[in-house]
Amino acid sequence: MTNAVELPAPWRDAKLTVVVPTYNEVDNLPRLAERLLALPLPGLHVLIADDNSPDGTGEVADKLAAENPGRVTVVHRAGKEGLGRAYVDGIGRALDAGAEYVAQMDADLSHPPEAVPGLLGTLMATRAGVVIGSRYVPGGQLDENWPFYRRALSGWANFYVHTLLNVRIRDLTAGFKVWRADVLRDIGLDRVQSNGYSFQVEMHYLATQLGHTIIEVPIRFEERTSGASKMTTRTKVESAVMPFRLRWKHRAKGE
């Protein structure tokens, strides 16, 4: 585990909300929250969007909120509607609450929380609209324990989307990033169509179509040690079809 960078005083106090969608992450969520809240970012807030997890994740989230008033908020959603819908809900609430910056990350500890200050610092030091924690830029790493079929699927997905959409991002499917609030408002969450993992691709595509700069910084991606992946056949199909829909819908309208 690498140490978090220390940002200068004007930056570390920024209002940053980390949106974490959860579904059956009862073991991982407390560890993630502990590491996030320990970061040298007094303005950091954690928003947990739980899709009515049957394993008790929602109750654990409520306990974390009670133990950390003002720093942890929980959104209880009616059911499992997909990663994209959870993010749209959580990000929308973060913007309504006055967040200046919004981070996205998975709850399974695959994304290193200690990298958040570095992503935020890069965003604030540049004119970028979003900074991605990337697995596929020089210096980026994949856990040696990540299954071969997942590596192959991720590599193929990035190649496939690059070919269809011509977006100059190496890790198009990345789920770890920090956004400027005004960029998210410019994109407009109401026009996001994706329900599943293709949400990441759609957001990157819309940002580039609107002329916003995206910067990738290297991270080490860890394999989860607890719980199970939420990747289903349905999400794979949506991820395959979504680039075609994006190319048709947004280009046809001249957006």
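A term to settle before the numbered points: a salt bridge here is a side-chain nitrogen of Lys or Arg within 4 Å of a carboxyl oxygen of Asp or Glu. This is a predicted model, in which local features need pLDDT of at least 70 and side-chain atom pairs count only at pLDDT 80 or more, while totals for chains, interfaces and linings use all residues. Residues are numbered from 1 along each chain as its sequence is written, and side-chain values use heavy atoms, with hydrogens and water left out.

1. Let's begin with Asp51 and Arg77. They form a salt bridge, with 2.5 Å between the closest N and O atoms. Asp51 sits in the loop between β2 and α3 and Arg77 in the loop between β3 and α4 (83-96), so the pair links distant parts of the chain, 26 residues apart. Helices (H or I, at least four residues) and strands (E, at least two) are DSSP runs, numbered from the N terminus. Both Asp51 and Arg77 are buried, where buried means under 20% relative accessible area, exposed over 50%, and partly exposed in between (1.4 Å probe, protein chains only). A network of salt bridges links Asp51, Arg77, Asp89 and Arg93.

2. How many salt bridges does a search of the whole structure find? The count is 6. One of them joins the side chains of Arg35 and Glu114 at 2.7 Å, N to O. Arg35 belongs to helix α2 and Glu114 to the loop between β4 and α5, so this pair ties together parts that are 79 residues apart in sequence. Arg35 is partly exposed at 22% relative accessible area, whereas Glu114 counts as buried at 10%.

3. Asp171 and Arg135 also form a salt bridge, with the closest N and O atoms 2.7 Å apart. This pair links distant parts of the chain: Asp171 is in the loop between α6 (148-165) and β7, and Arg135 is in the loop between β5 and β6 (141-142), 36 residues apart. Asp171 is buried with a relative accessible area of 0%, and Arg135 is buried with 10%.

4. Now for the sheet. It is open and has 7 strands in the order β3-β2-β1-β4-β7-β5-β8, with mixed pairing. Two strands pair if DSSP finds at least two bridges between them. The edge strands, β3 (72-76) and β8 (214-218), each pair on one side only. From one strand to the next, the twist averages 20 degrees. Strand β5 (residues 130-134) pairs with β8 in the parallel sense over 5 bridges, and Val130 stands opposite Ile214 in β8.

5. Two helices to look at against that sheet are α3 and α5. Helix α3 (residues 57-67) lies across β1 (16-22), β2 (44-50) and β3, running at about 150 degrees to β3. Helix α5 (residues 116-125) lies across β1, β4 (101-104), β5, β7 (177-180) and β8, at about 35 degrees to β7. Contact means heavy atoms within 4.5 Å; axes are lines fitted to C-alpha atoms, for helices over the stretch in contact, and angles run from 0 to 180 degrees between N-to-C directions.

6. Finally, two backbone angles. Most residues other than glycine have a negative phi. Asn24, in the loop between β1 and α2 (28-37), has a positive phi of about 55 degrees although it is not a glycine. Asn24 is partly exposed, at 26% relative accessible area. Leu109, in the loop between β4 and α5, has a positive phi of about 70 degrees, again without being a glycine. Leu109 counts as buried at 13% relative accessibility.
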